[in-house]
Amino acid sequence: MPHASAADAAVFAEPTAPVRAGWTAHLSLATLAVFMAFMTPIQILLPLQLEHIDPQGKNGALSLVTGLGALVAVVTNPLAGAWSDRTTGRFGRRRPWILGGGLAGAAGLAFTAGQHTVAGVAVGWCLAQAGLNAMLAGVTTPIADRVPLAQRAQVSGWTGLMQSFGLVLGALLTTQLITGVRSGYGMLAVLTVALALPFVLRHSEPPLPRELRPPLDVRTFVRSLWVSPRKHPDFGWAWLTRFLINLGNALGTLYLFYFLADAVHYGDPGTGVLILTVVYTLCAALTAVPAGALSDRAGRRKVFVVLCSLVMAVAAVVLALFHTWPAALAAAAVLGAGYGVYLAVDQALVTQVLPDAADRAKDLGVINIANSGPQVLAPALAAPVIAHLGGYTGLYTATALVTLVGGLLVHRIRGVA
């Protein structure tokens, strides 16, 4: 590789200048766009659409569609991240993928809206997942690129909070303000692009000089997608911790709509999901940014991850034991408080175990498999548990155990306090 100047190498340098509130706010809006487009269909639109298409087979259809979509996400996110790391041009490495992925994801959502078969919905959702995960690869990396370590958990708290707020806003719009599955998808498609534009248009980033871009070799490129846990054990343990905690979260939330309808017997499950999500998000908002600031001030991450896993496991136990509306409200509050801490601190922890500054987006894409991979595995685990291993009691007991194990494994990370 040709010699690079100090100015050129600055694109890979560890950030030291604090980011401003406007930068954080606009990145948070872009994050909101991604997760509103991800979560609202999973929690609201897909269950309604599939229940209309196949009322008797709705559980299996939802598992199939979300599982296939998550499988696409597992492949797309690290690939898009790797290409983002290699993107040259005056617009930088991340912003083209945020905008391009947002446009592709919006097109996938619009396609899904017009489908009337399970197969058609599956194809549309896979297309949406491909675009949205390309966008996600661009959205998640600026924190590692631009935010100094002493500010990282606090900024992660704001962007992490958008993951929950995305579902609240999406559910509010699709259940209260805009009626109909098709119009719901259309609204999400428009907002996915519109909310990303402030960050894309207003915040420049250092471009990658062409001489620093690795030569394209397909075999080397594919091999680079594997990050050896033997060579990078902290990265491996951080990945496994996130995978298990997100598996617990996926097990607990995938069938929430049907849990309210079939176990709690709540009259309007869609509205019930909205209420629980609002409670969850408000409690997450109370903990995410303060916990991030406290973590930054203390310089510690792992103790917060353990704490939030314990809190989240308690919420799952409540759902396992009590199939009532008051218990669901209490569990949502407890789960939100725990997950708010997790969203802030774990993201900051992950940025501290990335193996190579030149591959940040690709490595974060590999980490993001620990977000999307559980969406593939959860339907395969949840459906037989509900059918043969204790119904929703068995499902939420499994949720508690998996979440607890994930939190305890964070102690195996050595390079982060």
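This is a predicted model: local features need pLDDT of at least 70, side-chain atom pairs count only at pLDDT 80 or more; totals for chains, interfaces and linings use all residues.
## Helix H2: Leu 48 and Gln 49

Helix H2 covers residues 21–53, and Gln 49 is placed in it. Leu 48 lies in helix H2 as well. With a relative accessible area of 35%, Leu 48 is partly exposed. Gln 49 has a relative accessibility of 6%, and because buried means under 20%, Gln 49 counts as buried.

Once residues up to four places away in sequence are set aside, Gln 49 touches Thr 112, Ala 113, Gln 115, Val 121, Val 181 and Tyr 185. One of these residues, Thr 112, has its backbone oxygen 3.0 Å from a polar atom of the Gln 49 side chain. For Leu 48, leaving aside neighbours within four places in sequence, the contacts are Val 181 and Phe 257. Leu 48 and Val 181 are 133 residues apart along the chain, and their C-alpha atoms are separated by 7.4 Å.

## Aromatic pairs

How many aromatic pairs does a search of the whole structure find? The search finds ten. One of them joins Phe 35 and Phe 38, with ring centres 5.8 Å apart and ring planes at 65°; the pair is therefore edge-to-face. Phe 35 and Phe 38 are three residues apart in helix H2, so about one helical turn separates them. Both Phe 35 and Phe 38 are buried.

Phe 257 and Tyr 258 make another edge-to-face pair, because their planes stand at 80° with the ring centres 5.7 Å apart. Phe 257 has a relative accessible area of 7% and is buried. Tyr 258 also counts as buried, at 1% relative accessibility. Tyr 255, Phe 257 and Tyr 258 form one aromatic cluster. Phe 257 is also one of the contacts of Leu 48 in helix H2.

## Asn 77 in helix H3

Is Asn 77 buried or exposed? Its relative accessibility is 0%, so Asn 77 counts as buried. Asn 77 is placed in helix H3, which runs over residues 58–85.

Not counting residues up to four places away in sequence, Asn 77 touches Asn 133, Leu 136, Ala 137, Leu 364, Gly 365 and Asn 368.

## Cavities

The structure has three cavities of 30 Å³ or more. The volume of the second largest cavity is about 70 Å³. Its lining is made up of Trp 23, Arg 94, Arg 95, Pro 142, Asp 145, Arg 146, Phe 199, His 203, Ser 204 and Glu 205.

## The largest pocket

The largest pocket has a volume of about 230 Å³. Its lining has 17 residues, and those closest to the pocket centre are Arg 86, Thr 220, Ser 224, Asp 359 and Lys 362. Two or more lining residues come from each of helix H10 (218–224) and helix H16 (360–388). H10 gives the most, with four residues.

How do the residues of the lining of the largest pocket divide by class? Seven are charged, seven are nonpolar and three are polar.

His 265 is placed in the loop between helix H12 (256–262) and helix H13 (269–298). Its relative accessibility is 59%, and since exposed means over 50%, His 265 counts as exposed. Most residues other than glycine have a negative phi. Phi of His 265, however, is near 60°, a positive value in a residue other than glycine.

Val 303 is placed in helix H14, which spans residues 302–321. At 46% relative accessibility, Val 303 counts as partly exposed. His 411 is 108 residues from Val 303 along the chain, and the C-alpha atoms of Val 303 and His 411 are separated by 8.5 Å.

Definitions and conventions
Residues are numbered from 1 along each chain as its sequence is written. Side-chain values use heavy atoms; hydrogens and water are left out. Buried means under 20% relative accessible area, exposed over 50%, partly exposed in between (1.4 Å probe, protein chains only). A polar contact is a pair of N or O atoms within 3.5 Å; within protein, one must be able to donate a hydrogen and the other to accept it, and residues adjacent in sequence count only if both atoms are side-chain atoms. Contact means heavy atoms within 4.5 Å. Rings of Phe, Tyr and Trp (its six-membered ring) pair if their centres lie within 6.5 Å; planes under 30 degrees apart count as stacked, over 60 as edge-to-face and the rest as tilted. On a 1 Å grid over the protein atoms alone, a cavity is a set of points where a 1.4 Å probe fits but cannot get out, and a pocket is an open set with protein on both sides within 12 Å along at least five of seven lines; lining residues have an atom within 4 Å of a point. Grid points are joined across faces, edges and corners, and a volume is the space filled by probe spheres set on the points. Ala, Val, Leu, Ile, Met, Phe, Trp, Tyr, Cys and Pro count as nonpolar, Asp, Glu, Lys and Arg as charged, and the others, Gly among them, as polar.
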